[in-house]
Amino acid sequence: MSGNARDRLKKLHRICRERGIPLTSQRRAVLETLLLRSDHPTADQVFEAVQDQSPRISRRTVYRVLDTLVEFGLIRRVHHPGAIARFDGMIHRHHHLVCIRCNKIVDLESPDLDNISLPKGKPQGFDVCDFSVQFMGMCPKCRKEKKK
Ligand SMILES: [Zn+2]
Ligand SMILES: [Zn+2]
């Protein structure tokens, strides 16, 4: 496990202690699963993966734990309009390449994009706090399959 992942697990420990809630093995397992993957799984995919470690965990518990981890700022929910929610273990600012055919989401790091300045004031009444750029297109696998 990378140092980054270890730090995040430590942070989970700290937040649970501060809030006086138990660090359940389920919370740990869900966070670990997301930290080990970069494919932005859906809640159901997280549920399937966690089941290997915790066979008795319920789908509802996984959904609830995901919400809690998002609230704690330990993972992110990826907003992809019109599609089912996906979860991201990478919480620093980054961008995404989204395949319009298979819905694959790939991380894209770009210092140039990171430095776009946020709109000044409160445009349309919004207090903007962060952003992420999504590029829509077709992944290599889908491009190949479409040619056939
Ligand atoms: Zn694709
Ligand atoms: Zn991402």
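Reply: Start with H40. H40 sits in the loop between α2 (25-36) and α3. Keep in mind that this is a predicted model.

Me: What is phi of H40?

Reply: Phi of H40 is near 55 degrees. That is a positive value in a residue other than glycine. Most residues other than glycine have a negative phi.

Me: Which loop holds Q124, and what is its phi?

Reply: Q124 lies in the loop between α5 (111-114) and β5 (134-137). Q124 is not a glycine, yet its phi is positive, at about 55 degrees.

Me: How do you know whether Q124 is buried or exposed?

Reply: Exposed means over 50%. Q124 has a relative accessible area of 80%, so Q124 is exposed.

Me: What makes K141 buried or exposed?

Reply: Use the cut-off of over 50% again. K141 is at 59% relative accessibility, so K141 counts as exposed. Its place is in helix α6 (residues 140-147).

Me: How far is K141 from K120?

Reply: In sequence, K141 and K120 are 21 residues apart. In space, they are 40 Å apart, C-alpha to C-alpha.

Me: How do helix α3 and helix α4 cross?

Reply: Helix α3 (residues 43-53) and helix α4 (residues 59-71) have axes that come within 9 Å. The axes cross at roughly 115 degrees. The crossing of α3 past α4 is right-handed. From α3, the contact uses A43, D44, V46 and F47. From α4, it uses R59, V62, Y63 and L66.

Me: Which kinds of residues make up that contact of α3 with α4?

Reply: Six are nonpolar, none are polar and two are charged.

Me: Where do the domains of the chain lie?

Reply: Domain 1 covers 3-78 and domain 2 covers 92-147. Their centres, taken over C-alpha atoms, are 24 Å apart. Five residues from domain 1 and nine residues from domain 2 take part in the contact.

Terms used
Residues are numbered from 1 along each chain as its sequence is written. Chains are lettered from A and ligands numbered from 1 in the order in which they are written. This is a predicted model: local features need pLDDT of at least 70, side-chain atom pairs count only at pLDDT 80 or more; totals for chains, interfaces and linings use all residues. Side-chain values use heavy atoms; hydrogens and water are left out. Axes are lines fitted to C-alpha atoms, for helices over the stretch in contact, and angles run from 0 to 180 degrees between N-to-C directions. Helices (H or I, at least four residues) and strands (E, at least two) are DSSP runs, numbered from the N terminus. A crossing is left-handed if the near helix is turned anticlockwise from the far one by less than a right angle, and right-handed if clockwise. Contact means heavy atoms within 4.5 Å. Ala, Val, Leu, Ile, Met, Phe, Trp, Tyr, Cys and Pro count as nonpolar, Asp, Glu, Lys and Arg as charged, and the others, Gly among them, as polar. Domain bounds come from an automatic or database domain assignment. Buried means under 20% relative accessible area, exposed over 50%, partly exposed in between (1.4 Å probe, protein chains only).
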